[in-house]
Amino acid sequence: MSIKSPVGRAFAPGHITGFFEIYDDPDPRRKGSTGCGVVIDGGIDTVVTKGVEHTEVFLDGVSVKADTTCSLIEQLVDFPVHVNCTSSIPIGCGFGASAAGSLSAAYALNDAFSLGLTSNQLVETVHIAEVSNGSGMGDVEGQYFGGVPIRKVPGCPPYGVLDRVPSPSFEVHCIVLGELSTGSVLNDDGLMRDINSAGRSALRSLLSRPTVTNFMEISKQFTVKCGLASDRVMDAIEAVGAAGGMASQAMLGETVFACSVEETKKDVVDALSTFAEVTTYNVTSCYEHPVKF
């Protein structure tokens, strides 16, 4: 009789950052970013099993290096595992896929092998893996918190402090125009100074008026100030504005995300579709009423 290997399954949502500021610290638990973004219902499903000679990670059926996920696995277990991820978000385009893959793997490992860890402990291990590998600086906290999370103090629990823009559920419409390397931006000291200055100002402005409309407007201003957007990204953002919606660039990615009131939704989607295929996700918050941005 064969003995089946334990199986763990988990899902983690994607996270689109509108603006941010990076904070360095010798303690990886305190290192991270402040800022704000939206947590979407697309993300990464992960299944983990034991019974392999070496740890292996597959994404949509293809073997991948996945340094962050492998670092996470080494923190949690002392044996090799097979990790199979299925994504419903683009990879390397500003959707927080690295953190979603690692966070879902952490929950799946905890499930499969009865590790007995709390959610905060799992988030801490993913955060450390993210900042140590330079693949992210705050997505995991946002994904864990949900809705429209405001990262007020950097770092993982208990050091990081989060709040949320109160909002009903709403849709975001996204187009992907290419990839933008997170590492190439984080390693550019001059660019990071400009980003941090703009991100600090953006957070103050959002906290003075925490609405989705203000978040979108501040995110657009941040995009313009930092100069990370290509001409095509800026053209798409302006086209959405002309159609009666609000749009900005996903940080960090060659991606545009947009939202609108119901009356202008079709016009906004049509405007985006002239640049690339449009994918729509839901942002779910904690209460419901007719959407009025």
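**Exercise 1. Determine how the axes of helices H1 and H3 are arranged.**

Step 1. The axes of helix H1 (residues 67–76) and helix H3 come within 9 Å and cross at roughly 135°. Helices (H or I, at least four residues) and strands (E, at least two) are DSSP runs, numbered from the N terminus. Axes are lines fitted to C-alpha atoms, for helices over the stretch in contact, and angles run from 0 to 180 degrees between N-to-C directions.

Step 2. Angles under 35 degrees count as roughly parallel, over 145 as roughly antiparallel, 65 to 115 as roughly perpendicular and the rest as oblique. H1 and H3 are therefore oblique to each other.

Step 3. The crossing of H1 past H3 is right-handed; a crossing is left-handed if the near helix is turned anticlockwise from the far one by less than a right angle, and right-handed if clockwise.

Step 4. Residues of H1 that meet H3 include Leu-72 and Leu-76, and among their partners in H3 are Leu-122 and Val-126. Contact means heavy atoms within 4.5 Å.

The model is predicted: local features need pLDDT of at least 70, side-chain atom pairs count only at pLDDT 80 or more, and totals for chains, interfaces and linings use all residues. Residues are numbered from 1 along each chain as its sequence is written, and side-chain values use heavy atoms, with hydrogens and water left out.

**Exercise 2. Describe helix H2 and its packing against H3.**

Step 1. H2 covers residues 97–112, which is 16 residues. From its first C-alpha to its last, H2 reaches 22 Å, close to the 22 Å expected at 1.5 Å a residue; the expected span is 1.5 Å times one less than the number of residues.

Step 2. Because 13 of its 16 residues are buried, H2 is largely enclosed by the rest of the structure. Buried means under 20% relative accessible area, exposed over 50%, partly exposed in between (1.4 Å probe, protein chains only).

Step 3. H2 and H3 (residues 119–133) pack at an angle of about 140°, with their axes 10 Å apart. H2 is therefore oblique to H3, and H2 passes H3 in a right-handed crossing.

Step 4. Among the H2 residues that meet H3 are Leu-103 and Tyr-107, while Leu-122 and Val-126 are among those that H3 contributes.

Step 5. Just after H2, Ser-114 has a positive phi of about 50°.

**Exercise 3. State whether Asn-120 is buried, partly exposed or exposed, and find its polar partner.**

Step 1. Asn-120 lies in H3 and, at 35% relative accessibility, counts as partly exposed.

Step 2. Its side chain makes a polar contact of 3.0 Å with the side chain of Tyr-144. A polar contact is a pair of N or O atoms within 3.5 Å; within protein, one must be able to donate a hydrogen and the other to accept it, and residues adjacent in sequence count only if both atoms are side-chain atoms.

Step 3. Not counting residues up to four places away in sequence, Asn-120 touches Tyr-144 and Pro-157.
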